[in-house]
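Below are a few notes on the model you sent. They cover a charged side-chain pair and the ligand site.

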Amino acid sequence: MTIAESIAKVRENIAKAQANSQYAASSVLLLGVTKTQTVEKMRLAEQAGITDFGENRVQEMMSKYEEFPNINWHLIGHLQTNKVKYIIGRTVLIHSLDSIALAEEIEKRSGAAGIITNALVQLNIAEEETKSGIHEEELADFLEAMADYPHLRIQGLMTIGPHVEAPEEIRPVFAELRKLYEREKQRDLPHLDFRFLSMGMSYDYPIAVEEGANIVRVGSSIFGARN
Ligand SMILES: *Cc1c(COP(=O)(O)O)cnc(C)c1O
C-alpha cells in the first residue's frame, strides 16, 4: 500500500469506529506519528491530507520543523525540562505533561515569550512502570495546581495503552480515561479548557475512537514499520 492508501484505510477504520459507538466523538483528528520517518515520506502524508505531525523527541522534531511550515506539530513523547525552551512557540500541543516541574518550566518559557502553550496531562492508567504519566488518584489535585500557570493551558488528557495480548484488552483503560476526562470537564475549573482526549495508536486506535478519543496518534499503520 502507498502512504496515501494507508491513510485512506485508517480514516475508513476511524469512520467505522465512530459509527459503531455511542461514545465516539463526531470529529477525530488523525495525527501522523513521524518519528524515525524521512522527510520524503512525510511529504507524501502531507499531500494525502495529514495536517498534524507528532514526534516524540525534541531534537528530531526540530530537525524536520523548517521543512513543513504548514504542519501543526505535536510533541507526544516524554519531555525533559531542559528541552522545553526549544519547542515553545513551535508546537500546537504537548501531549505529555506529567509533572509540576515540567509545568513550571513551560510557564516560565511561555511567559518570557509572551505566549500560551497548550498541553494535555498524560495519565499512566495501566500503572506500567516503564511508562511516564501521573496516576489517576493524583489527577484532580494536579489539575487544580495548574491554576498557578497562566501561560500553560490544559486542554485535556492523554494516555498510552498498555502492552497486551489482544487490542480488546485495552478497552477498559480507554474507557477509564474517558470517565476521568468527563469528570474533570464537568468540574469546569476556570483555568482549564478541556477539549482533547488523545488515545489510540496503530494497534488500538479503532477501540480508542469507540471509547471517545478525538485525537489518535498513528505511526506504523501509515508509514510502515519503523526500523
Ligand atoms: C510512537 C508513538 C505512537 C505511534 O505508534 P504506532 O504504533 O507506530 O502507531 C503514538 N504515541 C506515542 C506516544 C508514540 O511514542
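1. Which side chain does glutamate 105 meet in a salt bridge? In this predicted model, the partner is arginine 109, with an N to O distance of 2.8 Å. The two residues are four apart in helix H5 (residues 100-113), so about one helical turn separates them.

2. The count of salt bridges comes to 16.

3. The ligand sits in the largest pocket. Around the ligand are Val33, Lys35, Asn56, Ile76, Ile160 and Met201, together with Ser202, Arg217, Val218, Gly219, Ser220 and Arg226.

4. By residue class, the shell around the ligand consists of five nonpolar, four polar and three charged residues. Lys35, Arg217 and Arg226 are the charged ones.

5. For lysine 35, an N or O atom of the side chain is 2.7 Å from an oxygen atom of the ligand. For serine 202, a polar side-chain atom is 2.6 Å from a ligand oxygen atom. Arginine 217 places a polar side-chain atom 2.9 Å from a nitrogen atom of the ligand.

6. How much of the ligand's surface does the protein bury? Taken alone, the ligand exposes 390 Å², and 91% of that is buried by the protein.

Notes: Residues are numbered from 1 along each chain as its sequence is written. This is a predicted model: local features need pLDDT of at least 70, side-chain atom pairs count only at pLDDT 80 or more; totals for chains, interfaces and linings use all residues. Side-chain values use heavy atoms; hydrogens and water are left out. A residue is near a molecule or strand if one of its heavy atoms lies within 4 Å of it. A polar contact is a pair of N or O atoms within 3.5 Å; within protein, one must be able to donate a hydrogen and the other to accept it, and residues adjacent in sequence count only if both atoms are side-chain atoms. Accessible areas come from the Shrake-Rupley method with a 1.4 Å probe; for residues, only the protein chains shown count as cover. On a 1 Å grid over the protein atoms alone, a cavity is a set of points where a 1.4 Å probe fits but cannot get out, and a pocket is an open set with protein on both sides within 12 Å along at least five of seven lines; lining residues have an atom within 4 Å of a point. A molecule sits in a cavity or pocket if more than half of its atoms lie within 2 Å of its grid points. A salt bridge is a side-chain nitrogen of Lys or Arg within 4 Å of a carboxyl oxygen of Asp or Glu.
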